[in-house]
Amino acid sequence: MATSTKKGRSRPAPAPATDADAAPRYTYHYCGVRPGLAPIGGAGVADARASAINTLRDKWLNGTELTYYFFDQPGDGEMVSLSDGSQRFVSWVGPAPQREALRQAFKVWADLGLGVRFREVSSREQAVVRIGFMIGDGSWSYVGRAILEQAANDRTLNIGWDVTQDLDTAIHEIGHTLGFQHEHQNPFSGIVWDEERVYAALAAPPNRWPRQKTFFNILRKLDTSTVEGTAWDPDSVMHYPFEAGLILQPPKYRTQPLRPAGGLSAQDIAQVRQIYPPQPPVNQMTELRLAESRRLTIAAGEQIDLQVRPTRSRTYQLGTFGEADTLIALFEDVDGTLKYRGGDDDSGEDRNARLQMRLQRGRSYVLRVRMYYATFAGETAVMWW
Ligand SMILES: [Zn+2]
């Protein structure tokens, strides 16, 4: 088993050239997703409240611009130790056709007209999403806002094989980046696995997964509080294909493979549009005046975007009031692009979201408030002062 020398994380070695003669071999090469944010819950948090929070916890505020960067420097990569004890540098820099496939995959999502947007940038400092193409490291992404917890020089998404003929893998990884989890781990799917066959299939090339990784990516059911709706969607781009015989229930998959239709399913599209609906331009957003308390009439899961236009440069407080779980964030309008300036999330805590920030006279800002859960609908408010 190869081990990375960087941070001691375990990584598979690059596949040897003679891989083809290794038997047995499994048909599909799978994404090995990285974690999202830990769900909230436990004593003192009611189920309905935990569910309202957790289904949105990994999602970005609508209107966020997800800038992305492809690693491009000769030193971008890492040393891996091979099983013979030697070490080898493996680059994160991908060939042009691979980068182009990722751009196409971003376009597939962007063409839905979402409120979340994507823009390629040429430096990692400007990027939220940092993409590598490390062969042998599999394809993966962190889930949604867990990306913000990764170190500034690390990848948040990796493509581990040629996706120029496999665009669905690129679309799938961007789905994780948007905050979506694996659909085959939907706890409402009714899937019963032949667990030992699954472990054996995934231990074979090309995946070569240890049991723990197979459990995390396939057998583990997602926490029910994190899942939107209850309908299982075997055509989702977030669903792996499976060879016949790995699934015992529904029984038809004992003898036939499960193959998602390919591309985004109708349910994928409906769900992402619900979470990231199209947004009006800044100058058409309602203005929240200084020291004006505005009652939040939005339902759980919804978001409101308010213009903030200070007439004096000083430090201001911005916050929510009442018994509610909210995520608030402030963006500054810089030449028509909204730049993230700061945010606070009080979900699952007995306090209110609050920001203290210096704002400049004459500039325009947007305060976004996402309501996870309100104990008493309509009895919460937002204000800046
Ligand atoms: Zn995945």
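Visitor: Leaving out residues up to four places away in sequence, which residues does Gly 190 touch?
Guide: Setting those sequence neighbours aside, Gly 190 touches Trp 232, Gln 249 and Pro 250. Keep in mind that this is a predicted model.

Visitor: Where does Gly 190 lie?
Guide: You'll find Gly 190 in the loop between helix H3 (167–177) and strand E9 (192–193).

Visitor: Is Gly 190 buried or exposed, and why?
Guide: Gly 190 counts as exposed, because it has 10 C-beta neighbours inside 10 Å and the cut-off for exposed is 12 or fewer.

Visitor: What separates the C-alpha atoms of Gly 190 and Trp 232?
Guide: They're separated by 8.3 Å, with the two residues 42 apart along the chain.

Visitor: OK, zooming out. How many helices and strands does the protein chain have?
Guide: The protein chain has six helices and 19 strands. Its C-alpha atoms fill a box of roughly 70 × 50 × 35 Å along the principal axes.

Visitor: What about the radius of gyration?
Guide: For the protein chain that's 22 Å. A compact globule with 385 residues would be near 21 Å, so the value agrees.

Visitor: And how much of the chain is buried?
Guide: Of the 385 residues, 36% count as buried. Also, among contacts with a separation of 6 or more, 75% come from residues 24 or more positions apart.

Visitor: Let's talk strands. Is strand E18 mostly covered or open?
Guide: Strand E18 (residues 365–374) is mostly covered, with 10 of its 10 residues buried.

Visitor: Which way does E13 run against E18?
Guide: Antiparallel: strand E13 (residues 303–308) is joined to E18 by six bridges.

Visitor: How many bridges pair E15 with E18?
Guide: Nine bridges, also in the antiparallel sense, with strand E15 covering residues 324–334. There, Ile 328 has Val 369 of E18 as its bridge partner.

Visitor: Switching to helices, how do H4 and H5 cross?
Guide: The axes of helix H4 (residues 195–203) and helix H5 (residues 211–219) come within 10 Å and cross at roughly 115°. H4 passes H5 in a right-handed crossing.

Visitor: Which residues make that contact?
Guide: From H4 you have Glu 195, Val 198, Tyr 199 and Leu 202, and from H5 there are Arg 211, Thr 214, Ile 218 and Leu 219. By class, the contact of H4 with H5 has five nonpolar, one polar and two charged residues.

Terms used
Residues numbered from 1 in each chain as written. Predicted model: local features only at pLDDT ≥ 70, side-chain atom pairs only at ≥ 80, totals over all residues. Helix = DSSP H or I, 4+ residues; strand = E, 2+ residues; numbered from the N terminus. Rg over C-alpha atoms; globule rule 2.2 N^0.38 Å. Buried ≥ 20, exposed ≤ 12 C-beta atoms within 10 Å, placed from the backbone. Contact = placed C-beta atoms within 7 Å. Pairing = 2+ DSSP bridges. Axes fitted to C-alpha atoms, helices over the stretch in contact; angles between N-to-C directions. Left-handed = near helix turned anticlockwise from the far one by under 90°. Nonpolar A, V, L, I, M, F, W, Y, C, P; charged D, E, K, R; others polar.
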